[in-house]
Amino acid sequence: MNLSTELTKQVTAHLDEVRKYLWALPADERQEILQSIESHIYDALETRSDGEPTPALLDAVIAEMDPPESYGELPTVTPNKPKLGRLSPIVFGAALIAILVGLYLAKAQTENSPISSESTLESEPLIIEGVGWRDYLLGKTSIELTEALGEPQANTPEWMMRWDKHPYVYIALSAANACKDVRFNRGFKGRTSAGIKIGSSFEKMLAAYGDAETIWARETDPCVIAEWPGKGIHIYTYKGLVSQIIIHQPKPKYTHPFKDDPSVHGQWVSIDFVNSINAFQPGKQPQESDLLLKELTFFSNGATSHAWTWTQGRLIGQNNTSRYTIKEIGGEKLLFLQWMSGDVTLRGQPPKYYVLKRATSKEEQTPQLKPAAFEQGLNSLENEDSIILNEVLATSPSFAIGDTVTAKGQYTLASQLNARILLTVTATRGSGRSNVEKEQEMKMALGSGEFELTYTIPFHGCSQLSFRDEITGESLGGLYFGTKQQVNEMKSLKKTRSPKRKKKPTVESPEEKSKSINLTSLPSKADMGEISEMQKAAARDRMYEDQDIYSRDELREIETLYQVANKKWRSEEGKDSLKELISKYSSANRTGCALLYLGQQSTGDEQVEYLQRAIDDFSDCFYGDGVQVGAYARFVLFHRYKRDGENEKAAKLADEIKTLYPDSISHRKQSLVALLTASTLAENSSGIYSLSFENEPIATVLAHYCKVIGRSLLMSTDIPDRKITLRAKSLTKNELISAIEEAMKLQDIDINFLGDKYVKVTLRK
Amino acid sequence: MSTWVTQLRKGLIEFCILNLLSQGESYGYELLQSLQEIEELVVTDSTVYPILSRLRKDGYLKVQVKPSTSGPPRRYFSLTSLGQQRVKEMNLYWGNLQTAIEHLRTGGTK
């Protein structure tokens with residue numbers, strides 16, 4: 001049923017009115033109740049009207065519902081009247097003098113301060129964090145705001161709205177022209193529901209809202225900004241007093257993804273500590289002789305020599321971020337680093353700056369790789385796979401955090417047609433994860449060869465060379481090495497971990513070796529980049545849905561429980577934490593991820609149960625990297641069924657992935673459909689091929705044809721962009737090749753061999 | 001009179017909602033219609049919708065959003081396993097309470 005614009009406005013107006021009375025509830029509950037009321041109105045209209053609902057009918061439906069005030073009470077401000085009580089004349093006189101002196105000082109301060117600290121008008125409605133103030137409501141479109149507040153001032157930027165009647169209040173618009181945040185500037189006399197107004201002190205602000213989730217400072221002026229994203233507010237302070245209040249929709253805590261800045265890599269030593277960047281005078285005696293921060297090293301992986309991490313332009317602490325900037329002064333590059341002391345984070349004073357210079361030049365700083373003695377530890381390679389480690393070069397013999405390690409040797413891959421060899425470190429104390437750089441992995445095909453891999457150690461642990469399945473990333477076994485202590489730590493850790501993985505059947509003959517077919521993604525890298533971004537956006541949308549269901553505290557707990565497992569991957573503590581998350585939060589996005597995690601970590605019936613539950617109830621959930629639970633759980637279960645020989649079940653899952661999740665990706669940003677499509681050529685256990693191309697492009701079928709015959713494809717540009725379906729079971733390799741060739745003939749496509757390496761594919765003229 | 005009736009109604013509405021949902025999922029408006037059939041409960045939207053929200057928050061209900069022909073997507077509520085447990089406990093308690101009170105009213109012994 002569609003309502004006319006007029007009626008839709010009337011419904012929205014009613015909801016806005018109710019919203020005001022729900023202010024005391026957490027945002028998620030408020031939203032939930034409003035959704036129920038809105039649905040109620042539509043349902044009631046549909047029940048009672050045959051055709052288009054009329055304004056009179058809508059009036060009647062709303063009139064039959066409870067009035068907005070039934071849902072709560074409007075916030076009120078209690079005036080803070082001084083309690084004089086019964087005072088003796090002396091005390092009264094002293095108090096009067098104190099008040100007069102206070103008033104004089106306050107006036108003087110106001111005149112000198114850039115911030116107006118006018119008294120609050122007690123009749124003003126309160127600013128509701130995460131909601132709005134008066135008709136300045138978050139999420140309202142510019143048209144709705146104009147209808148509610150009249151024509152805005154014309155002399156504002158396009159993305160901003162402002163009205164004469166409230167000159168100190170601005171609205172910032174989103175790209176969709178909706179109210180993204182409301183800004184209350186100097187001169188505004190209202191206060192927030194927590195009692196904060198323009199001119200309130202920094203300490204009072206922290207007392208009202210609790211420790212800020214993030215505090216940062218501008219470099220250009222003494223402005224310190226405190227942010228509470230979960231509460232829907234952030235506040236700008238100037239010299240310790242509130243100068244601007246900004247409210248927005250509540251959102252998760254901000255994160256700062258790592259962005260490299262090679263200009264800062266290496267070690268820096270402190271040479272001065274100054275009040276501002278401009279206060280630094282080169283060559284002058286340091287303002288402070290004993291500097292607390294002696295040195296700071298920026299590692300290329302985002303770690304530092306202290307407890308902070310860093311990304312381009314920022315040093316990130318637990319609850320604050322410092323800006324750093326590199327300036328060339330007197331021919332020397334100097335790093336200025338904001339120092340977020342208690343004066344800044346507790347009192348809102350502008351930060352001071354450490355001035356640091358390079359310990360040595362960057363080139364000199366780069367440690368040299370030298371041959372390093374190493375102990376060889378556990379070796380879990382099977383099925384005639386082997387890794388022989390001939391030489392290890394390292395920047396120090398201790399294989400410590402920040403050390404670069406190069407491993408050289410020979411490999412033999414016998415168990416699969418294709419795999420990757422990877423140089424990594426396994427955490428032995430706490431946990432750790434890091435991105436895989438191209439220097440630390442190498443693709444390989446069945447047979448033997450040499451490898452040389454390089455890696456910078458990001459956390460404490462034991463180095464490892466391992467084979468990984470190219471499709472699933474599953475480890476096929478490996479070899480540990482490092483110092484004696486690291487190797488021993490690894491040994492004792494392994495004793496406490498899960499039993500050895502299931503042994504794979506040994507490959508007997510070259511013919512049988514081709515059972516494992518290299519699965520490659522079909523879309524180009526550029527396509528996958530786009531698809532991956534699209535999936536990430538879908539993931540963000542799904543995560544935001546949780547905000548409609550759960551309170552901020554609940555969302556925080558969900559994330560905490562999830563991160564325990566994320567940090568302690570495969571540990572019992574991690575599993576328990578995920579189980580708690582699943583039992584407590586039945587609708588959260590992370591619950592879907594948790595089930596899939598547990599599904600990947602478990603075996604036997606338990607694994608199938610976890611994965612099936614993830615598929616049944618949480619298919620719409622996403623990991624932050626864009627991997628969708630519904631798709632990936634099916635993918636993992638697909639492989640499980642394949643291993644178990646339950647081919648029908650596996651085929652059903654593959655079909656579901658292709659039809660329901662055509663854009664789904666793996667954690668390695670590969671198209672799941674492409675991976676599955678390739679696997680349609682996989683042989684069954686008796687060495688016989690099967691074909692199952694369902695509405696696939698001709699180019700895809702040809703690509704796999706070439707893979708089977710071991711030749712490269714040369715395809716003319718006029719091959720039609722048609723899709724074909726090709727199904728057959730129990731084929732020998734030759735029968736499979738013939739089947740594809742015959743199918744191509746039917747499409748008027750000629751296949752000709754060119755030399756020993758190529759297949760030329762042309763359209764028959 | 002009115003105060004204790006109000007208090008009693010409040011608890012009973014939650015009890016009735018959980019029992020209605022034990023028969024299958026339902027959405028706000030439909031639940032409200034069903035509850036309004038019990039005239040003595042005097043149920044209105046401002047009572048039911050906040051209770052639904054709270055029960056969901058407490059983990060007794062889960063929500064599934066489905067498209068609706070009437071307008072915006074409907075939020076279908078159903079019992080979680082915790083909710084099912086809660087209904088069982090409440091029904092057991094209700095039965096025992098009813099019997100005990102009936103005994104009390106008729107002067108019988110338990």
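Trainee: How many helices and strands does chain A have?

Mentor: Chain A has 20 helices and 28 strands. Helices (H or I, at least four residues) and strands (E, at least two) are DSSP runs, numbered from the N terminus. This is a predicted model, in which local features need pLDDT of at least 70 and side-chain atom pairs count only at pLDDT 80 or more, while totals for chains, interfaces and linings use all residues. Residues are numbered from 1 along each chain as its sequence is written, chains are lettered from A and ligands numbered from 1 in the order in which they are written, and side-chain values use heavy atoms, with hydrogens and water left out.

Trainee: What share of chain A counts as buried?

Mentor: Buried means under 20% relative accessible area, exposed over 50%, and partly exposed in between (1.4 Å probe, protein chains only). Of the 765 residues of chain A, 46% count as buried. For chain B, the figure is 40% of 110 residues.

Trainee: In what order do the elements of chain B run?

Mentor: From the N terminus on, the order is α-β-α-α-β-β-α. That gives chain B four helices and three strands.

Trainee: Which residues of helix H15 of chain A are buried?

Mentor: Start with the general idea. An α-helix has 3.6 residues a turn, so residues three or four places apart point the same way. H15 of chain A covers residues 604-618 and reaches 21 Å from its first C-alpha to its last, close to the 21 Å expected at 1.5 Å a residue. The expected span is 1.5 Å times one less than the number of residues. The buried residues of H15(A) are A:Gln607, A:Val608, A:Tyr610, A:Leu611, A:Ala614, A:Ile615 and A:Phe618. Seen down the helix axis, these residues fall within an arc of 165°, so they line one face of H15(A). The arc is taken from the directions from the helix axis to the C-beta atoms.

Trainee: Which residues is B:Ser68 in contact with?

Mentor: Contact means heavy atoms within 4.5 Å. Leaving aside neighbours within four places in sequence, B:Ser68 is in contact with A:Asp43, B:Pro73 and B:Arg74. B:Ser68 sits in the loop between strand S2 (61-66) and strand S3 (74-79) of chain B. At 14% relative accessibility, B:Ser68 counts as buried.

Trainee: What is the phi of A:Arg134 and of A:Asn177?

Mentor: Most residues other than glycine have a negative phi. A:Arg134 has a positive phi of about 50° although it is not a glycine. A:Arg134 lies in the loop between strand S1 (132-133) and strand S2 (136-137) of chain A, and is partly exposed, with a relative accessible area of 37%. A:Asn177, not a glycine either, has a positive phi of about 60°. A:Asn177 belongs to the loop between strand S4 (166-173) and strand S5 (179-184) of chain A; its relative accessible area of 38% makes A:Asn177 partly exposed.

Trainee: Where is B:Ile101?

Mentor: B:Ile101 is in helix H4 (residues 81-106) of chain B. B:Ile101 has a relative accessible area of 39% and is partly exposed.
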